Structures are given as C-alpha cells and as structure tokens.
Amino acid sequence: MRYAEYVVTGWVLTGAVLGGYRLWLAARTRRARDLFARR
Amino acid sequence: MTLLPRPVSVALGWFTLAALGALAVLGLWVAPSDAVQSDAQRLMYLHVPAAWLAYLAFFVTAIGSALYLWPRTRAMVWDHVAGASAELGVIFTGLTLVLGSLWGRPIWGVWWAWDARLVTTAVLFFLYLGYLALRRIPADPDTRAKRSAIAALIAFVDVPIVHFSVSWWRTLHQEGTVFNSELSPEIEGTMAFTLWFGVLAFTLLYVYLLSKRYELAVVEDELEEAELELAIAERISEPVGSAVVRGAP
C-alpha cells in the first residue's frame with residue numbers, strides 16, 4: 001500500500017479515539033453512579 | 001432516564017461495531033485505490049463521514065438549545081441533548097482536522113495550510129471547546145442551560161461558513177464533490193458505496209454515543225442535585241451561631 005504510514009495512522013487513530021471515548025464514557029458513568037449510590 | 005431502551009442500545013452498539021468493522025474492510029481492501037492520489041485517498045472514508053457527523057452533531061446542539069430557550073418547550077432534556085451532542089461534535093471535528101492533515105501531507109505536501117476551509121473548521125473546533133468549558137462553569141442549572149444555549153446558537157453560525165467556505169473563497173481544499181452537478185466524472189461504484197457506508201456507520205455511532213453521553217448527563221445532574229441537598233441538610237443541622245462562636249475572641 002502506498003502512503004501506508006498516513007493511511008494506517010489515520011485509521012488506527014480514529015479507532016483509538018472513538019474506542020477510547022466510549023471507554024471513558026463508561027468509566028465516567030460508572031463513577032457518577034457509584035458516587036450517587038453512596039449519597 | 002435514557003434516550004434508547006437498554007436492549008435497543010445494546011443491539012445498536014453491536015450493530016455499530018460490526019458496521020465500523022465492515023467499513024474498515026471496505027475502505028482498506030475492497031475499494032480500489034485512486035488513480036491520482038493512490039491509497040492516500042482511503043482516508044476519505046473516515047474524513048468525510050467525520051466532517052458530516054460534526055455538522056449533524058452541532059445541528060442537533062443548535063436544535064436542542066433553541067428548544068430549551070423557547071419557553072413552551074423548555075426542559076432539561078434539551079439541555080442534556082445539546083451538551084451531549086456538542087461533545088461528540090468536538091470529537092468528530094478534531095478527527096476531521098487530524099485526518100485532513102494526514103491526508104494533506106502526502107497530497108498537498110503540507111500538514112496545514114492557512115486555507116479558508118481549514119481555518120474555519122479549526123475555529124469551529126475551538127468555538128465548541130469554549131462551549132463545553134462554559135457548561136462546566138458552576139451556576140444553577142437553568143442559568144447554565146440558558147447561557148450555554150445562547151452560546152451554542154452563536155457558535156452554530158460558523159457551520160454554514162465552514163460548509164460554503166470552499167465556494168466563497170479560493171481554497172486549497174477542493175470544492176464540494178458528491179453533490180456537485182457541475183463535475184462530469186462520477187465517483188466509482190465501490191468507492192461511492194464505501195463512502196456512503198461510512199456516513200451510515202458513523203451516523204449509527206453518533207446515535208449510540210449520544211444515547212450513552214445523555215445517560216451520563218442525567219446521572220451527573222442527579223448527583224449534583226443530591227450533593228446540593230446534602231450540603232443544605234448539613235448546613236441546617238449545624239448548631240445556630242456556631243460560626244460566630246468560632247470567630248469570637
């Protein structure tokens with residue numbers, strides 16, 4: 001594949017950002033629920 | 001309170017994941033490489049859907065903000081939808097900029113150019129980053145929602161400027177292609193299918209992430225309310241005049 005370094009970086013970065021955001025959302029929701037349950 | 005019932009949300013999550021996997025196969029292997037740009041053009045299958053989804057996310061933010069500001073429809077649900085969608089819009093705009101830069105380097109020879117489309121998109125990114133910062137400034141929920149809604153409507157003015165920048169000014173970035181009737185060459189079948197499939201997969205992802213971010217906004221709201229009630233209860237239970245006694249000589 002020509003320009004593989006740009007193409008692969010783009011696709012991997014997109015997957016990492018979107019996957020990371022989904023995991024971050026899950027962690028934030030879990031933490032907020034735990035705090036709410038302790039109140 | 002959630003935007004989607006739990007079974008629908010779970011099914012949508014798996015369906016979205018499958019669609020994104022299929023998009024990777026289509027975009028990286030099935031679609032042919034471009035005659036001029038070669039494989040660098042494969043970034044189009046992410047860059048274009050990300051840009052369209054950023055527009056959609058900010059449009060939903062503007063609608064949610066307008067519905068909150070209009071007294072007849074005022075409800076916290078619209079503020080939560082607006083805030084959740086703006087966060088997604090910022091992520092998609094950030095991705096659009098980074099993917100565009102990665103695509104621009106091999107094709108234009110530069111990572112960045114002071115081009116109208118690029119600059120207005122960067123402005124859009126920072127406008128909504130400011131909007132998200134504004135939402136974090138402590139205030140009572142109604143005041144915060146109102147000022148955020150006004151900011152969101154002002155920021156939305158940049159969306160049509162970004163979209164039409166390639167027509168209004170001479171830019172390095174190409175003009176609109178997909179709906180441009182003046183262009184004689186048509187996009188190749190598999191390429192067109194992959195591009196539209198990418199838009200569909202990203203739209204599913206947006207709906208899924210919006211429902212999850214909305215869920216978080218509701219929990220955070222409930223938590224804030226519970227903490228406020230607790231603080232009030234603690235203040236009430238303090239002995240009368242205790243603050244005066246501590247300060248007395």
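**Backbone, chains, core**

Start at B:S38, in the loop between α1 and α2 of chain B. Helices here are DSSP runs of H or I with at least four residues, strands are E runs of at least two, and both are numbered from the N terminus. Phi of B:S38 is near 55°, positive in a residue other than glycine. For background, most residues other than glycine have a negative phi. B:S38 is partly exposed, with 15 other C-beta atoms within 10 Å. On burial: 20 or more other C-beta atoms within 10 Å counts as buried, 12 or fewer as exposed, in between as partly exposed, with C-beta atoms placed from the backbone.

Some housekeeping. This is a predicted model: local features need pLDDT of at least 70, side-chain atom pairs count only at pLDDT 80 or more, and totals for chains, interfaces and linings use all residues. Residues are numbered from 1 along each chain as its sequence is written, while chains are lettered from A and ligands numbered from 1 in the order in which they are written.

Now A:Y3. This residue is not a glycine, yet its phi is positive, about 60°. Its place is the segment before α1 of chain A. Is A:Y3 buried or exposed? Buried, because 22 other C-beta atoms lie within 10 Å.

Chain A next. Count one helix and zero strands. Its C-alpha atoms fill a box of roughly 55 × 5 × 5 Å along the principal axes. Of its 39 residues, 18% are buried.

Chain B has eight helices and zero strands. Its radius of gyration, taken over C-alpha atoms, is 23 Å, well over the 18 Å that the globule rule gives for 249 residues, so chain B is more spread out than a compact globule. That rule is 2.2 Å times the number of residues to the power 0.38. The C-alpha trace of chain B spans about 85 × 45 × 40 Å along its principal axes. Buried residues make up 36% of its 249. Take the contacts in chain B with a separation of 6 or more: 80% of them join residues 24 or more positions apart. Contact means C-beta atoms, placed from the backbone, within 7 Å.

How do the chains meet? The contact takes 23 residues from chain A and 29 from chain B. On chain A, the side touching chain B has 14 nonpolar, four polar and five charged residues.

On to the largest nonpolar core. A core is a set of buried Ala, Val, Leu, Ile, Met, Phe, Trp, Tyr and Cys residues joined through C-beta atoms within 7 Å. This one has 62 residues, and B:L43, B:A50, B:A57, B:Y128, B:A152 and B:Y206 touch the most other members. Among the elements giving two or more residues are α1 (4-38) of chain A and α7 (189-237) of chain B. Which helix gives the largest share? That is α3(B), with 14 residues.

Zoom in on B:A50. Beyond its neighbours within four places in sequence, B:A50 contacts B:F92, B:L95, B:T96, B:L99 and B:F202.

Last stop, α4(B). At 1.5 Å a residue, its 20 residues should span 28 Å, and its end C-alpha atoms are 29 Å apart, which agrees. The expected span uses one less than the number of residues. Its buried residues include B:L124, B:F125 and B:Y128. The buried residues of α4(B) pack against α2, α3, α5 and α6 (158-168) of chain B.

Terms used: Contact = placed C-beta atoms within 7 Å. Nonpolar A, V, L, I, M, F, W, Y, C, P; charged D, E, K, R; others polar.
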